[in-house]
Amino acid sequence: MKTSDRHNGDIFGEYKPSETALNVNDGVEQPPVVNPYISGIIKKKKGSMSVDAYMDGIVSGDRVILSKAITLVESSLPEDREIAGQLILKCLEYSKRMESKRIGITGVPGAGKSTFIEAFGNLVTEKGHNVAVLAIDPSSERSKGSILGDKTRMETLCNNPKAFIRPSPSAGSLGGVARKTRETILLCEAAGFDVIFIETVGVGQSETAVHSMSDFFLLLMISGAGDDLQGIKRGIMEMSDMIAINKADGNNIDKANMARALYSNALHLFPPTGSGWTPVAITISSIEKTGLEETYGKIEEYFRLIISNGYYMQRRREQDRYWMYESIDNSLKEMFYENETVKKLIPEYEAAVLEGKIDSFSAASELLDKYRR
């Protein structure tokens, strides 16, 4: 073949398979990348554990089974709810026998909540307690996902054999408290954890939820960040049993002491609490481990007071009443959205609202009417 023929494209022209040695055979049929039976295997494994098997693992301190049980409780699948409900009832029996300490921890973003929990959690375990940390991560409004990176920020506590850390997505719950956090608390108490830390997303949303499931409410603050008294919601301060000014180290000590004095004066202006406890403000440094012993001492003093005057059990009963109504609200919401008629109509009404054909209030009212009928 001439060189000019190559440039004319003859060598790249059409050819028949029989005219070339480059024949491609069909070869052996490849198996599918995903095992077609895997879904059945997973379902079988998931359903193979009975309520008693879960309980035996939880009570014996099996962290793997405890984690699986928490995942079961957090599940929204109907088949999981039935098992989870039975499991919670059994865990209640163990929870009632234990005078656990449920400590809610909130604070402004950047206050060092995770660093504080790691330092304070290690101190609490040194005092002979078993600590469970329920760290609530904010869920994305767009993707609905969460980073769940609290374990990476609590490396030493994560490796502490007397501590258990469970990050959970907030899933849009008010105050950043996961919807199933209260049930998770019961599971952890049944597993022998007598101190429960509930870390919220942070100040800015309703903190009623975390307050309604904790015995002691700790507000973590920092000085010099523009968070003056008028910038903090009165409701959060009224719920607080202690305000801890974190990062009181280095050049920030004087500012932290000044902030402590301001918060102490503000706390005395609030009406007395039903517990008989006078809220306090202290300074701490999670990095230098200063003020942690004082924090532990104040919390112990608080629990001695409320156990002796009966407020501990009174508070737990009030929380039970609160969560009765919360459970009713959640169940009604689930029943509404799971209704087949509502499922079919919601896309139509949603489109009508987006197109401006109907206002949102009328759409909601009509959907509710159709659900009731």
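User: Leaving aside neighbours within four places in sequence, which residues is Glu-366 in contact with?

Analyst: Good place to start! This is a predicted model, and contacts are a friendly way into it. Setting aside neighbours within four places in sequence, Glu-366 is in contact with Tyr-349 and Ile-358. Take the pair Glu-366 and Tyr-349: they are 17 residues apart in sequence, and their C-alpha atoms are 9.2 Å apart in space.

User: Could you step back to the whole chain? How many helices and strands does the chain have?

Analyst: The chain has 16 helices and 7 strands. Of its 373 residues, 42% count as buried. Its accessible surface comes to about 21500 Å², with 54% of that belonging to carbon and sulfur atoms. Contacts can also be sorted by sequence separation: among those between residues at least 6 apart, 74% join residues at least 24 apart.

User: Which residues is Ser-212 in contact with, leaving aside neighbours within four places in sequence?

Analyst: Ser-212 is in contact with Arg-315, Gln-319, Tyr-322 and Trp-323. Trp-323 is 111 residues from Ser-212 in sequence, yet the two are 8.2 Å apart in space, C-alpha to C-alpha. Ser-212 is found in the loop between helix H10 (208–211) and strand E5 (216–222). With a relative accessible area of 7%, Ser-212 is buried.

User: Now a helix, please. How many of the residues of H6 are buried?

Analyst: In H6, 12 of the 14 residues are buried, so the helix is largely enclosed by the rest of the structure. Among them are Phe-116, Ile-117, Phe-120, Leu-123 and Val-124. To read a helix's length, compare its span with the expected one: H6 (residues 113–126) reaches 20 Å from its first C-alpha to its last, close to the 20 Å expected at 1.5 Å a residue. H6 is followed by Gly-128, whose phi is positive, near 100°.

User: Which residues does Ser-286 touch, not counting residues up to four places away in sequence?

Analyst: Ser-286 touches Thr-115, Phe-116, Ala-119 and Asn-246. Phe-116 and Ala-119 are among the buried residues of H6. With Asn-246 there is also a polar contact between the two side chains, at 3.2 Å. Ser-286 is found in the loop between strand E7 (280–283) and helix H13 (292–308), and at a relative accessible area of 5% it is buried.

User: Which residues have a positive phi although they are not glycine?

Analyst: Lys-247 is one of them, with a phi of about 65°. Lys-247 lies in the loop between strand E6 (242–246) and helix H12 (253–267), and at 37% relative accessibility it counts as partly exposed. Another is Lys-289, with a phi of about 60°, in the loop between E7 and H13.

User: Last one: which residues form a nonpolar patch on the surface?

Analyst: Met-324, Tyr-325, Ile-328, Leu-332 and Met-335 form one, with about 510 Å² of accessible area together. Ile-328 is found in helix H14 (residues 311–338), and its relative accessible area of 41% makes it partly exposed.

Notes. Residues numbered from 1 in each chain as written. Predicted model: local features only at pLDDT ≥ 70, side-chain atom pairs only at ≥ 80, totals over all residues. Heavy atoms only, no water. Contact = heavy atoms within 4.5 Å. Helix = DSSP H or I, 4+ residues; strand = E, 2+ residues; numbered from the N terminus. Expected span 1.5 Å × (residues − 1). Buried < 20%, exposed > 50% of the residue type's maximum accessible area, 1.4 Å probe, protein only. Polar contact = N/O pair within 3.5 Å; in protein donor to acceptor, adjacent residues only side chain to side chain. Areas by Shrake-Rupley, 256 points an atom, 1.4 Å probe, with all protein chains shown as cover. Patch = residues over 30% accessible without salt bridge, like charges linked within 9 Å, V, L, I, M, F, W, Y side chains within 5 Å. Salt bridge = Lys/Arg side-chain N within 4 Å of Asp/Glu carboxyl O.
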